[in-house]
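I opened my notebook today to look up a few things in a new structure. Come and read along with me.

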Amino acid sequence: KGLFTYDPGFMSTASCDSQITFIDGDKGILLHRGYPIEQLAEKSDYLEVCYLLMYGELPSAEEKEHFVRTVKKHTMVHEQLSFFYRGFRRDAHPMAIMCGVVGALSAFYHDSLDINDSQHREIAAFRLISKMPTLAAMCYKYSTGQPFMFPRNDLTYAENFLHMMFGTPCEEYKPNPILANAMDRIFLLHADHEQNASTSTVRLAGSSGANPFACVASGIAALWGPAHGGANEAVLSMLEQIGDEERIPEFIERAKDKDDPFRLMGFGHRVYKNFDPRAKVMKQTCDEVLGELGLDNDPLLRIAKRLEQIALEDPYFVERKLYPNVDFYSGIILKAIGIPTNMFTVIFALSRTIGWIAHWHEHHSSPIARIGRPRQLYLGEKKRDYPER
Ligand code: CMC
């Protein structure tokens with residue numbers, strides 16, 4: 001009694017049991033509800049994977065049709081919410097805006113706040129999946145000074161997002177199927193990844209009984225850091241900083257130097273000590289997109305490819321099993337599609353919302369759900385008396 005395990009960074013502590021996602025990091029395996037990620041990426045699409053994560057099984061054709069229709073019913077956001085955007089500086093980081101506006105959804109949708117009511121929980125899930133692309137695109141439009149675009153429910157989920165990002169009231173955005181497909185794949189490959197920092201944050205926030213919008217806002221905040229979802233943005237900043245293929249060895253040496261805080265962004269993973277299976281699919285999509293756009297010779301992308309090649313052969317990275325992760329390639333694809341760098345992590349947040357909500361839901365469905373309350377190892381001062389002064 002009174003003893004507990006000290007495990008900084010939760011290297012070997014399971015915080016919950018779950019039936020959603022399985023990862024074998026040594027073998028490079030990722031399964032959602034038992035289905036390999038490679039098969040889902042090839043045969044399924046993002047909304048179908050959302051259904052799978054939420055309900056545990058793939059939908060029948062009618063179930064999928066009904067699910068997609070329900071998602072489309074909730075794509076608009078309350079008009080008042082657009083005033084919230086107008087309170088931000090135009091140069092605000094979109095993740096800063098997302099932390100605010102997603103949390104603020106709890107002020108608008110009172111029929112989705114009762115966590116003990118399964119219907120409330122379900123409608124909150126739909127609202128979040130449906131509104132995230134709208135809220136994300138509004139961040140971008142706000143930064144450019146262009147008007148917010150209403151969602152178009154005749155388009156697919158990915159096409160609609162690209163329309164809200166790049167369409168204007170003067171000119172309709174005509175989605176390129178290869179780019180829309182790549183966008184959908186980025187959403188799908190980021191949909192869930194078991195107990196990462198942001199998902200654990202959502203579960204912990206949820207364990208106190210906080211409402212789903214507040215919990216997802218906490219996940220967005222945790223995702224923002226460069227060691228987690230901020231890595232895709234950091235990859236592009238790093239490539240720009242390298243600037244020239246000839247300077248790659250200099251940065252490789254810096255990454256190995258323990259006195260230098262610089263790390264190769266987009267390399268390494270806490271769980272995968274083998275190639276990240278998502279990165280394999282993303283690499284293939286990356287080649288398709290660059291080919292379609294004729295960008296094979298883009299200088300930044302050339303630096304990325306050369307960097308990958310050098311790091312994969314360098315003993316430092318080989319010995320530590322530091323492979324390119326999903327964010328290394330997703331950053332490159334997003335740049336090629338024309339998404340500004342500071343929106344990259346927002347897109348990760350949009351994609352991961354279903355994972356957060358599925359875990360939040362699982363927590364509340366568990367008969368042993370209880371508030372998360374980690375202990376600590378106190379190393380501070382012993383009791384002492386306040387000095388007479
Ligand atoms: N560049 C250079 N060295 C590295 C890197 C890197 N990117 N990643 C790990 N190392 C070294 C690290 O210095 C340590 O070396 P040593 O054993 O000599 O002290 C060894 O590899 C093990 O690293 P660690 O820090 O103990 O590993 P971790 O599991 O705590 O960290 C990580 C995992 C992802 C935070 C880390 O690899 C990293 O910072 N990578 C760059 C950021 C990044 O790409 N993050 C996205 C992760 S994937 C998306 C997501 O899940 O959010």
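**Starting from one leucine**

I looked up L40 and found it in helix 1, residues 37–43. (Helices here are DSSP runs of H or I with at least four residues, numbered from the N terminus.) I noted that this is a predicted model, where local features need pLDDT of at least 70, side-chain atom pairs count only at pLDDT 80 or more, and totals for chains, interfaces and linings use all residues. Residues are numbered from 1 along each chain as its sequence is written.

Is L40 buried or exposed? L40 counts as buried because it has 24 C-beta neighbours inside 10 Å. (Buried means 20 or more other C-beta atoms within 10 Å of the residue's own, exposed means 12 or fewer, and partly exposed is in between, with C-beta atoms placed from the backbone.)

Leaving aside neighbours within four places in sequence, I saw L40 in contact with H32, Y35, V49 and L188. (Contact means C-beta atoms, placed from the backbone, within 7 Å.) I also checked R127, 87 residues apart from L40 along the chain, and the two C-alpha atoms are separated by 24 Å.

**Helix 8**

Ten of the 13 residues in helix 8 are buried. From first C-alpha to last, helix 8 reaches 18 Å, close to the 18 Å expected. (The expected span is 1.5 Å times one less than the number of residues.)

**Helix 10**

Nine of its twelve residues are buried, so helix 10 is largely enclosed by the rest of the structure.

**The core**

Which residues touch the most other members of the largest nonpolar core? Of its 106 residues, they are C50, M98, M183, V216 and I347. (Such a core is a set of buried Ala, Val, Leu, Ile, Met, Phe, Trp, Tyr and Cys residues joined through C-beta atoms within 7 Å.) Helix 6 gives the most to this core, with twelve residues. Not counting residues up to four places away in sequence, M98 touches L135, A136, C139, I220, V346 and A349. My reminder to myself: in soluble globular proteins, nonpolar side chains tend to be buried together.

Key:
Helices (H or I, at least four residues) and strands (E, at least two) are DSSP runs, numbered from the N terminus. Two residues are in contact if their C-beta atoms, placed from the backbone, lie within 7 Å.
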